[in-house]
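Open the model in your viewer and keep the sequence panel beside it. Each stop below says what to select and what to look for there.

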Amino acid sequence: MSATQTTEALEAAERVCARRGVRLTSLRRRILEQILKTDGVIKAYDLIHELSSADHSIKPPTVYRSLAFLLEQGFIHRIESLNGFVACNHPGEAHEIILMICDACGLIHEVQHTDISAALDQVAQDQGFGLTEKVIELHGICRDCQAVGREPQAQL
Ligand SMILES: [Zn+2]
Ligand SMILES: [Zn+2]
């Protein structure tokens with residue numbers, strides 16, 4: 001994400017927080033900024049590394065608490081299959097999403113699909129299963145990578 005887009009996304013997050021009466025503390029803001037600036041997934045370990053400076057190391061539990069806040073507010077999504085985080089492209093809105101993960105360039109495309117979401121609700125309901133989270137992660141190759149014949153990378 002470009003610097004301008006990052007700034008706009010941070011301002012949008014500030015507005016959402018103000019409306020909800022929650023605080024985007026400076027650490028939460030810095031973590032969100034780092035996730036916004038990263039193309040593709042960033043792991044918690046890398047965030048801790050990025051935010052720590054020579055004279056000040058950030059404690060992992062602090063980072064995890066901030067990540068939990070950002071997840072709860074819907075500013076970021078957890079990518080289970082890659083054990084990392086990505087910025088949400090339409091934060092502050094309730095949404096049912098599918099994350100399409102390009103295994104060649106690492107970009108993550110977020111799309112909404114209410115029919116699939118409703119179908120999952122139905123399946124869970126039929127099984128008497130109390131659904132708490134519905135995140136669909138699809139792996140593949142994005143359009144741009146297909147166009148240039150880029151190959152999938154081995155996952156780290
Ligand atoms: Zn989202
Ligand atoms: Zn790609």
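Predicted model: local features only at pLDDT ≥ 70, side-chain atom pairs only at ≥ 80, totals over all residues.

**Whole chain.** Start with a cartoon view. The protein chain has six helices and five strands. Follow it along the sequence and the pattern reads α-α-α-α-β-β-β-β-α-β-α. Along its principal axes, the C-alpha trace spans about 50 × 45 × 30 Å.

**The sheet.** Select β3, β4 and β5. These three strands make an open sheet, ordered β4-β3-β5, with mixed pairing. β4 (108-112) and β5 (136-140) are the edge strands; each has a single partner strand, so one side of each has no neighbour in the sheet. On average, neighbouring strands here are turned by 25° against each other, direction ignored.

β3 covers residues 97-102, runs antiparallel to β4 and is joined to it by five bridges. Strands of a sheet pair through backbone hydrogen bonds, so show the backbone atoms here. Pick I101: its bridge partner in β4 is I108. Then pick L99, which stands opposite E110 in β4. Move on to the turn. Five residues separate the two strands of this hairpin, and G106, in the turn, has a positive phi of about 85°.

**The largest pocket.** The largest pocket holds about 850 Å³ of space. Its lining counts 32 residues; select N89, L107, I108, H109 and E110 to find those nearest the centre.

Which of the elements supplies the largest share? That is β3, with four residues.

Next, colour the lining by residue type. It divides into 19 nonpolar, nine polar and four charged residues.

**Rings.** Finish with the aromatic side chains. How many aromatic pairs does a search of the whole structure find? The count is zero. Select F69 and R28 instead. R28 lies over the face of F69, 3.7 Å from the ring centre.

Conventions
Residues numbered from 1 in each chain as written. Chains lettered and ligands numbered in written order. Heavy atoms only, no water. Pairing = 2+ DSSP bridges. Axes fitted to C-alpha atoms, helices over the stretch in contact; angles between N-to-C directions. 1 Å grid on protein atoms, 1.4 Å probe; cavity = no way out; pocket = protein on both sides within 12 Å on 5 of 7 lines; lining within 4 Å. Points joined across faces, edges and corners; volume = space filled by probe spheres on them. Nonpolar A, V, L, I, M, F, W, Y, C, P; charged D, E, K, R; others polar. Phe/Tyr/Trp six-rings, centres within 6.5 Å; stacked < 30°, edge-to-face > 60°. Lys NZ or Arg CZ within 6 Å of the ring centre and 35° of its normal.
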